[in-house]
Amino acid sequence: MSEPRRSGRGFSGRAPLWKAHPFWFWLLCVLLVCALVAVLVVVLRPRPTVTDGSGRYPENLSSVAELIRRENEWVRTQAAPYVSIAVMLPLDPAAGPASTQSAESVRHAVQGAYLAQYWSNHNEGNASAPNVQLLLADTSGDADGWRAAVRELKESVAGPDHLVAVTGLGSSLGGTKRAIDELSAAEIALVGAVITSDELSGKATLVRVAPSNNAEARALAHFLGRRGSFTAVMVQDEDEDDSYTRTLARSFAAAFGDVLPAGKGAPRLLDVPLTYNSALDGADTVLAQMTERICNSGAGVVFFAGRWGNLPAFLRALTRRTCVDRKLTVVTGDDASNLNRSGQQIWDDTGAGLEVYYTALAHPASWSAVPDAVHQVVANRFRQGADSFPALFPGESLDDGQAIMHHDAMLTAVTAVDVLAAQGITRPSASAVANMLTSSSLSVPAASGWITFDRLGEPVDKAMPVVRLLPDGRVRFTELTSEAGRPPGRPAR
């Protein structure tokens, strides 16, 4: 019997969709292509590096970023005019090797900037001053991570955000210098929070609330000079891209000759420094090999001109030195504040005879130690009240100075805006704010110390705490000083 004939209406006989329904087929293709393009745009488009706190941030920053987003949203709903001020930092230090800051220090920095924004918008009482929107500019990534942030910041000057200043600026690295040069060329006001390299002095639109490495070195020389005679050796990082370590070493050597007495029995600095390069592999191993040379030199003081990332390995190696019976003092610059994390053992101090000091940029103990050196009303923002730092960020430490310094950088930019607003310029340009900041006429009552600027944008006779770093990462306030070797007072009116 022959096979029955199959109906043409069965599945195998159905015409292809593109033939049976060409319109719907091609419409579906177009929709699929559009969907694919949309997905690719979202996936491949560079993440915005300048935001109002919106978007995804590392868990370390998510809470404070949300506070900033809400405050900015409030600012934009008010009838009053507003300006934008950005804080530029590597917000995700783990995203690339270009950052020299710890995640904790970055979090504290952003918290301090937010505190200054909040107080400017809600507690200043200056009716003529515009509100402030705080933007987050992220330079995370490789050594060129700053480029996208700088491009977006320059676009924000003429845009609806009306950017007038950039604060923070990260660390004293080559990328930071190039970012400053580009922003300065665009006539944007810049306020460095913790950049201290002497090579950044005198930039056209830049002022700094932190003392320079030269000032830090002079303060440490005065501190050591009160201890009598000693022999010192320099340990120096030779990373060519790190302006901080390069100028810190240079400043240590210069301060030794300028500040300390000369002659027989006077302190002396050995002529040949011990060097390593943190940009190359094995830097910690190289540092560990220096301990015997330090012992053989007879040095009782080590000037460490390096970054905090290499300091723990060096200190641990020093605890195993053969001359452990001889007390050894290590002094370094403010970058060591990144190690200030209570509960994290850095070295074993049992019988090590090791003391470590550094020049901090700010410390809360200075407010009571030398009351006239700071503006107590501003310092109270960090001590008490419903809108204070402890109320907004319970459990967070101020000991690394980052929150205080970034608050003061933001406060400095806000002060310049407020001065212009008081003269009737309620929404000043970035260029006008830069002009006000660099005019040498601005005085800022800050929490880290009274701030006035010289013609190079450097703070004049800025207060500096000297703190002792303890083996478990905590710090102990030692004294408040300045590059002149004494605590500064209230500036002359």
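How many disulfides does the structure hold? The structure holds 1 disulfide, a term that stands for a pair of cysteine sulfur atoms within 2.5 Å. This is a predicted model, in which local features need pLDDT of at least 70 and side-chain atom pairs pLDDT 80 or more, whereas totals for chains, interfaces and linings use all residues. Residues are numbered from 1 along each chain as its sequence is written, and side-chain values use heavy atoms, without hydrogens and water.

The disulfide is formed by C295 and C323, whose sulfur atoms are 2.0 Å apart. Because C295 lies in helix α10 and C323 in the loop between α11 and β11, the pair ties together parts that are 28 residues apart in sequence. Helices (H or I, at least four residues) and strands (E, at least two) are DSSP runs, numbered from the N terminus. Both cysteines, C295 and C323, are buried, that is, under 20% relative accessible area with a 1.4 Å probe and protein chains only.

Helix α11 (residues 311-318) is largely enclosed by the rest of the structure, because 7 of its 8 residues are buried. Its buried residues pack against several elements, including α10 (291-297) and β11 (328-332), where contact means heavy atoms within 4.5 Å.

Strand β5 (residues 189-192) is covered on both faces, with A189 and V191 buried on one side and L190 and G192 on the other. Its pairings, which require at least two DSSP bridges between two strands, are listed here.

| Strands | Sense | Bridges |
|---|---|---|
| β4 (163-168) and β5 | parallel | 4 bridges |
| β5 and β6 (206-208) | parallel | 3 bridges |

T167 stands opposite V191 in β5, while L206 in β6 is the bridge partner of L190.

Key: Buried < 20%, exposed > 50% of the residue type's maximum accessible area, 1.4 Å probe, protein only.
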